[in-house]
Amino acid sequence: AKVVDYILWRILIFFGTFIMAFLKKPNLYLSTLKAIIVLCIYHIISIIIRRKKLEEQKVQKRNMIASQRIYKEILNKTMDEMKEYITEILIKSGFKEIKSIGNDHKSIVLQAVYNHNDTMISCYNYKTDFDIELKELKEFLCQLTEHKIKKGLIITTSDFTQDCYNYLDRINDNYNILLINKEKLFKIIESKEMFPTDEEIDEVIENQISKKKKNWNQYKVAALSNKKTKGYLFLSIFLVIASFYTPYTIYYMVIASITMFLTIITFLLHIYNKKHLQQ
């Protein structure tokens, strides 16, 4: 569809320019020259725009791959490893005197100093489909009250429910709590230069391409197997017969031609492979 759209637009621009130029001044050669010049200008501009879009998409794709890798690595971390990882992020973000208050199977609680203010940090290592509920936010608020701290930071590898955001608006006068979800966490990680390197991202992309090629080869081998010859033949005959009983005769005949072509290809490949094995 993109190729057809690409060609049709250029045909329309060429003939549209040609007709307008010819109506204005009926000179065949001059009108053709003007149409070619306008088409070339349009083509050059479209190439520049496409390249810019491609570069933007490339950056977005690489960021997405890096985020997926970081997310996978975080989910596979133990709570002790997660504590070290979050501590490293906090240190690079300007937090000092970081100490552990406690942790369990689902969260890590740290205390630190930021801009000369005591701050409590709670981190939840959850999957994307498991948001932080209001209950966890209230429990964190109780910990702030117990330690007489007014500033807090809740980090999660998922997100927060809307109730959490609504509740936070009601307590902002007494407490300064910042909620950092998965997207914000990844932006912080990227800003602190803790994202995978370009070489690591290229390796991931190469692995994905290799996997797609492997899958494509498997599909190709399955589609061109000699076991499919009879199936393609019977399908072709069925489609030809059925085409006379439906209003989509041309469509059925085209598909029948394709399946008949596959019948011939698989049959010839079978003969070739058989001769090759005998040799």
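Let me begin with a convention: Lys and Arg count as positive and Asp and Glu as negative, while His and the chain ends are not counted. The place of a charge is taken as NZ of Lys, CZ of Arg, CG of Asp or CD of Glu. On that basis the chain carries 41 positive and 30 negative side chains, and the centres of the two sets are 14 Å apart.

Please note that this is a predicted model, in which local features need pLDDT of at least 70, side-chain atom pairs count only at pLDDT 80 or more, and totals for chains, interfaces and linings use all residues. Residues are numbered from 1 along each chain as its sequence is written, and side-chain values use heavy atoms, with hydrogens and water left out.

Now to the overall form. The chain has a radius of gyration of 32 Å, whereas a compact globule of 279 residues would be near 19 Å; the radius is taken over C-alpha atoms, and the globule rule is 2.2 Å times the number of residues to the power 0.38. Along the principal axes, the C-alpha atoms fill a box of roughly 80 × 70 × 45 Å.

Which strand is mostly covered? That is S3, residues 117–124, with 6 of its 8 residues buried. Strands pair if DSSP finds at least two bridges between them. S3 runs antiparallel to S2, residues 107–114, through 8 bridges, and Val113 stands opposite Asp118 in S3. S3 also runs parallel to S4, residues 151–156, through 6 bridges; there, Tyr124 has Thr156 as its bridge partner.

Finally, the turn. S2 and S3 form a hairpin with 2 residues between them. Most residues other than glycine have a negative phi. Asn115, however, has a positive phi near 55°, and His116 has a positive phi of about 65°.

Key: Buried means under 20% relative accessible area, exposed over 50%, partly exposed in between (1.4 Å probe, protein chains only). Helices (H or I, at least four residues) and strands (E, at least two) are DSSP runs, numbered from the N terminus.
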